[in-house]
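Please keep the display in view while reading the numbered points.

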Amino acid sequence: MAFTFTVEDGTQVSGANSYVAVATADDYFTIDPNFTATWTAYSTAQKQYYLAWASRLLDQKTRWEGTRYTTTQSLRWPRQGVKDRDGNLIAVTTIPLQLHEAVMEIGRAHV
């Protein structure tokens, strides 16, 4: 089975396997003086594998608050009934910034 990289953007994307797009990770790691050279040396396919793997790991190991928005979505986000640190409800069409950052940091830790 061929690997197809598909990013969840908050709209319950069919077949999604990552919470983070490669371009987002590229931007994120650009300002990291200890990792930018390593990250930019990877091919797009390698970056996709790391981001999809980190997304899967988070979904397997994390007990998320709230409930999945639909029963047919591929990943465990988007979710409903989740509040941010300030007690505000996170919109069901949102993948929180903190989730993006967690995916990228886990990907980096296992490169």
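1. Exposed denotes over 50% relative accessible area, buried under 20%, and partly exposed in between, with a 1.4 Å probe and protein chains only. Helices (H or I, at least four residues) and strands (E, at least two) are DSSP runs numbered from the N terminus.

2. The model is predicted: local features need pLDDT of at least 70, side-chain atom pairs count only at pLDDT 80 or more, and totals for chains, interfaces and linings use all residues. Residues are numbered from 1 along each chain as its sequence is written, and side-chain values use heavy atoms, with hydrogens and water left out.

3. The buried residues of α3 are K47, L51, A52, A54, S55, L58 and D59. They lie on the same side of α3 because they cover an arc of only 160° around the axis, the arc being that of the directions from the helix axis to the C-beta atoms. Their cover includes α1 (22-30), α2 (36-41) and α4 (97-109).

4. S55 belongs to helix α3 and is buried, with a relative accessible area of 0%. Leaving aside neighbours within four places in sequence, S55 is in contact (heavy atoms within 4.5 Å) with N17, S18, Y19 and V103.

5. In α4, the buried residues are L99, H100, V103, M104, I106 and G107. They cover an arc of only 165° around the axis, which puts them on the same side of α4. On the other side of α4, L97 and A109 are exposed. What covers the buried residues of α4 includes α1 and α3.

6. K83 sits in the loop between β2 (79-80) and α4. With 49% relative accessibility, K83 counts as partly exposed. K83 and E65 are 18 residues apart in sequence, and their C-alpha atoms are 8.3 Å apart in space. Not counting residues up to four places away in sequence, K83 touches E65, N88, L89 and I90.
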